[in-house]
Amino acid sequence: MTSSRREVLLQGCIIGAGIIAANMTGMEALAQAAPKLRRSLHGMASNDPILQTWRDGVRLLKAASGNVSWANFAAIHGNASSFNLCPHGNWYFLPWHRAYLLSYERAVRQLTGNNDFALPYWDWTEDRQMPPAFVEPTLNGQPNPLFEPQREATPTDSLPDSTVGPGIISGILAESPFETFGTSRPVGQNNLDQSWINCEFCGTSGTLEQTPHNLVHVFVGGIMGQANSALDALFMMHHCNIDRIWWMWTQGGGSDSSDPLWSGMMFQNNFFNPDGTPYSPKVSDLLIPEPLGYTYVDTPLPYPPTGTQPPVVVGQYEKFKSLYAVSNVATAKLSGVASFAASVDRPAATVAKYLEIPVDVDANALAPVVRRRSPSSGLEFLSLTNARQQFISGARCYAFLREVDYAEHANTEYRVFLNCDYLSAGTPTTDRHYVGSFGFFGPQAGHGGHGGKEVRKPSLGIDLTSTIERVYGSAATPPGKLRVQIQPVALRPTGKADGTAKPSRVEVAIVSA
Amino acid sequence: MRVRRLWTIGVGCALALIAPIATIAAEGDQLLATVNRPAILTATPARAFESTAADQPAPRVIVHVTGYEPPQKGAIRGVVKVKKPDGSEQEIGTFGMFPDTAFQVDSSRARRYSFPLPKELATGVVQLKVEVVPDKAQGTGEGAQLKLERAEIQ
């Protein structure tokens, strides 16, 4: 039996954990026993223990003074006018920030007593707007420690594809060697003097640092756009995603630099342990997350992919197939499917006025959809099979737009949103309420097509799952009504867009796990 | 008559002096990007490209930035485009300035940002356009400036 590179890597993690633990303090060694899962904020409930612990930890750190305190930790990164110890624009950017995040993670575990805590990450490719838990000034009548009043981004502002889109991430994950991916060495570096660490902008930035890293900082704005950005509690969730992308890059076969000028550098007295003593890791100590007490996967990804699908996945496939085999899911009484429907009696959607179709649903049936965990962005680049299996596992929710009557559809994109209270033709596809788009080509439905035969009105199936997770994951209760919204927009901004669309009926199907 | 001759000589000398200065200023202006005006610069290969074989590391454009002025409101991003032989443009990357604060440095301290250059375009000198693009949700980008020093292909 041969081992794949990934299996070797994962085995290496476990072996490495044992070796490194022998040289650690009791608390740190304990942490190695079971690396804690860093989870995505995508759909994370407001009362999730991870968010509650982070809120408590931030509050306690803000109230503290001395080495282990919010103000002191932030000052390690920088102050209002300049960076302090943190490297930017040089090749220590990634390992330094990994150690910096560890300081927070370990301090919060210690302060809150929650040893299961691991920092959550903001997967901004999946969720383009700021995470809901960070935008409310108050929570249960008390000040929200995760809220920062100086931010410039509003809760409805969205990061664009050019900054964090899947195309950018796939390009980053394909980069090689390390100095292209993770920013290059300072020009002229020939020794391990500490001054090379924060030799700011002495190397050439790679895409990861200069594009999503920099631009998410300035998108959020306020303190987050400045050198003292670590005063904003969203900083750690942003950097955690940067750290996750580094992890994905190595999992996908990327090789960290073997140059001892990189791996041999010690961040001398840059950080603090939870007890206030200095924490001075070398870069070589920081290459694999698991020995450091955290991980980004709860179960190792199967690699190479297995030929047969797990029974649970096969079962879900069968349910999905049955959805598409019937002409009305609401009347078909399919096993494991809760279905709901509404007929459409409102005017057709136009650019000027969207069409909204409210469908009453059972909030209890929707709850598993709201609480499910979708795979984070980028995992598909590691194992498409695994990403697909994760994607279809668990409860899902679909909408079927039946017999769509459309007209004047040239240059018209039909965007579907869900429960958006401020929808207009200007609402971007990066909005959290966006579901997907569809379009038509050829002759208009109901009119002559090839050979003069009447063109049937099309029916469309759309997956609402990810949008429901994103919009309602942080809410206390699932919604009892899904408002499916169709908003036509011009494909080419300069062209005429007179497209209309109106389904005769909308069915909602909730597929149980 | 003599006065007119002296005037003519004087004006001629002045024009002779001003012309090169104006040329330099024009080139300098092209290296300053604002929302309404992109910077135009030429990137030259730092090394010769021996082939475009698949096993060669992908060439990258390095853009040297020596100055930045943030917008009065909101945020901006720099967008780098390459002019293709057929005259069309291809975007090769986007970058942001963090921290979002003004700076001016000399060329030895220029901040360097790198972008993958499609191999088919890495045949020699390439013309680059660097645009300042505002985040429209947060502002117009007014007041933002990016001062570029040079670009190279590695």
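**Helices, cover and a chain contact**

User: Which elements are included in what covers the buried residues of helix 16 of chain A?

Analyst: Helices (H or I, at least four residues) and strands (E, at least two) are DSSP runs, numbered from the N terminus. A residue is buried if 20 or more other C-beta atoms lie within 10 Å of its own, exposed if 12 or fewer, and partly exposed in between, with C-beta atoms placed from the backbone. Contact puts two such C-beta atoms within 7 Å. In chain A the cover includes helix 14 (363-371), strand 10 (396-402), strand 12 (412-418), strand 13 (434-438) and strand 14 (460-463).

User: How many residues of helix 16 of chain A are buried?

Analyst: This is a predicted model: local features need pLDDT of at least 70, side-chain atom pairs count only at pLDDT 80 or more, and totals for chains, interfaces and linings use all residues. Residues are numbered from 1 along each chain as its sequence is written, while chains are lettered from A and ligands numbered from 1 in the order in which they are written. Helix 16 of chain A spans residues 465-472, and its buried residues include A:I468 and A:Y472. The helix is mostly covered, and the buried count is 8 of its 8 residues.

User: What share of chain A is buried?

Analyst: Chain A has 16 helices and 17 strands. Of its 513 residues, the buried share is 48%.

User: How are helix 3 and helix 5 of chain A oriented to each other?

Analyst: Axes are lines fitted to C-alpha atoms, for helices over the stretch in contact, and angles run from 0 to 180 degrees between N-to-C directions. Helix 3 (residues 49-63) and helix 5 (residues 93-112) of chain A pack at about 90 degrees, axes 9 Å apart. Angles under 35 degrees count as roughly parallel, over 145 as roughly antiparallel, 65 to 115 as roughly perpendicular and the rest as oblique. So helix 3 of chain A and helix 5 of chain A are roughly perpendicular.

User: How many residues of that contact between helix 3 and helix 5 of chain A are nonpolar?

Analyst: Helix 3 of chain A brings residues including A:W54 and A:L60, and helix 5 of chain A brings A:V108 among them. Ala, Val, Leu, Ile, Met, Phe, Trp, Tyr, Cys and Pro count as nonpolar, Asp, Glu, Lys and Arg as charged, and the others, Gly among them, as polar. The contact has 3 polar and 1 charged, and the nonpolar count is 6.

User: Which element gives the most to the side of chain A that touches chain B?

Analyst: The contact takes 24 residues from chain A and 21 from chain B. Helix 6 (161-164), strand 4 (204-205) and helix 9 (207-220) of chain A each supply at least two residues to that side. With 8 residues, the top giver in chain A is helix 9.
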